[in-house]
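User: I've got a model open and would like to talk it through. Could you take a look with me?

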Amino acid sequence: MALLEISGVNKRFGGLQALSEAYLTVPKGSIVGLIGPNGAGKTSFFNVMTGLYPADSGEFKLNDHFYNPSAVDEVLKAGIARTFQNIRLFKEMTVLENVMVGRHVRTSAGFFSTIFKTSSQQKEEKQIVDDAMRLLTYVGIEKEANQVSKNLSYGSQRRLEIARALATEPLLLALDEPAAGMNQTEKKELQQLLQKIRGDGTTILMIEHDVRLVMGICSEITVLDEGRVIAQGTPEMVRKDPAVIEAYLGLAHHG
Ligand SMILES: Nc1ncnc2c1ncn2[C@@H]1O[C@H](COP(=O)(O)OP(=O)(O)O)[C@@H](O)[C@H]1O
Ligand SMILES: [Mg+2]
C-alpha cells in the first residue's frame with residue numbers, strides 16, 4: 001500500500017521549469033530513493049511536497065488522505081518530516097534543545113511561550129527532555145547532548161537533523177542527501193541507522209547522490225532529469241534503463 005502518492009507536480013521558477021508533471025509513490029514501510037543529476041529538481045520536489053514553496057499544480061496524498069502542502073507546519077502535522085541538503089539546525093542551541101524543538105510539534109505547550117509552568121506542564125517538559133534523550137541515544141549522539149550544535153562533526157549534525165525530524169513522529173522521513181560529506185565508515189553507519197528506522201516502522205524517502213548507497217538500501221528508485229521522471233522501478237531496473245544511463249553520461253560529458 002502506498003503511504004505517499006504524488007502526481008502532476010509542476011513548479012516554475014521564473015523562466016525555469018524546475019518540475020514538469022513529476023510524480024512519486026512511496027509504499028508504506030519501504031525505503032525509496034529519489035535520484036538524478038545535479039539540478040534535476042530533487043530538492044525542489046521535496047520543497048514543494050513539504051510546503052516550503054507552493055506548487056503550480058499537483059496532487060498530494062499521504063496515508064490515503066489528500067493534503068495541501070501550503071504550510072510547513074501543516075505538512076509536519078500531517079506526518080512528513082524532512083532534513084535539508086544544507087543542514088538546517090539551530091546552530092547556537094544545544095543538541096538536546098534542537099530535538100526538543102522537534103518534539104513540541106506533538107505536544108500542547110509552546111516551546112518559548114510557557115514562562116509560568118503549571119505542574120502538568122512541568123511534567124510534560126520532563127517528558128520532552130526524556131524523549132529527546134532517548135532519540136539522541138537512538139541515533140547515537142547522546143554523549144553530545146549538551147554540546148552547542150554548531151560544534152558537532154558534520155556526520156553528527158546530520159544525525160541530529162534526523163533525530164529532530166523523528167521527534168515529530170513522522171509517518172514519512174524525507175532525507176535530502178543525508179550522506180553528503182560523509183566518509184565510507186559514516187555512510188555504512190548511516191545505512192544501518194536508516195534500516196533500523198525503517199524496521200521500527202517509519203517509511204523513508206531519500207534523495208542521495210551516492211548511487212551505491214541508494215542501490216544498496218532502496219527497494220524502489222525514482223529518477224528525475226530536468227524536472228521530469230525518466231525512470232521508476234527497482235534498483236536493478238533503473239540501473240539498466242537507457243534513459244538513466246544517458247542522463248548520467250550526459251552529465252559526465254558536460255562536466
Ligand atoms: N528557489 C529557487 N529559485 C530559483 N531557482 C531555483 C530555486 N530552487 C531551485 N531552483 C532551480 O531549479 C532547478 C532544480 O534545482 P534543485 O531542485 O535544487 O535540483 P537538485 O536538488 O536535483 O540538484 C535548478 O536549476 C535550480 O537552480
Ligand atoms: Mg538538491
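User: Which helix is Q122 found in?

Analyst: Quick note: this is a predicted model, where local features need pLDDT of at least 70, side-chain atom pairs count only at pLDDT 80 or more, and totals for chains, interfaces and linings use all residues. Residues are numbered from 1 along each chain as its sequence is written, and chains are lettered from A and ligands numbered from 1 in the order written. Helices are DSSP runs (H or I, at least four residues), and strands are too (E, at least two), numbered from the N terminus. Residues 119–139 form the helix that holds Q122, and that's α4.

User: Is Q122 buried or exposed?

Analyst: Count other C-beta atoms, placed from the backbone, within 10 Å of the residue's own: 20 or more is buried, 12 or fewer exposed, in between partly exposed. Q122 has 12 such neighbours, so it counts as exposed.

User: Which residues of α5 does α4 meet?

Analyst: Contact here means C-beta atoms, placed from the backbone, within 7 Å. On the α4 side sit L135, L136 and V139. Their partners in α5 are R159, I162, A163 and L166.

User: Which element gives the largest share of the shell around ligand 1?

Analyst: A residue joins the shell if its C-beta atom, placed from the backbone, lies within 6 Å of the ligand. Among them are F13, L16, K42, T43 and S44. Two elements give two or more residues, β2 (16–27) and α1 (42–49). The largest share, three residues, comes from α1.

Note on methods: Contact = placed C-beta atoms within 7 Å.
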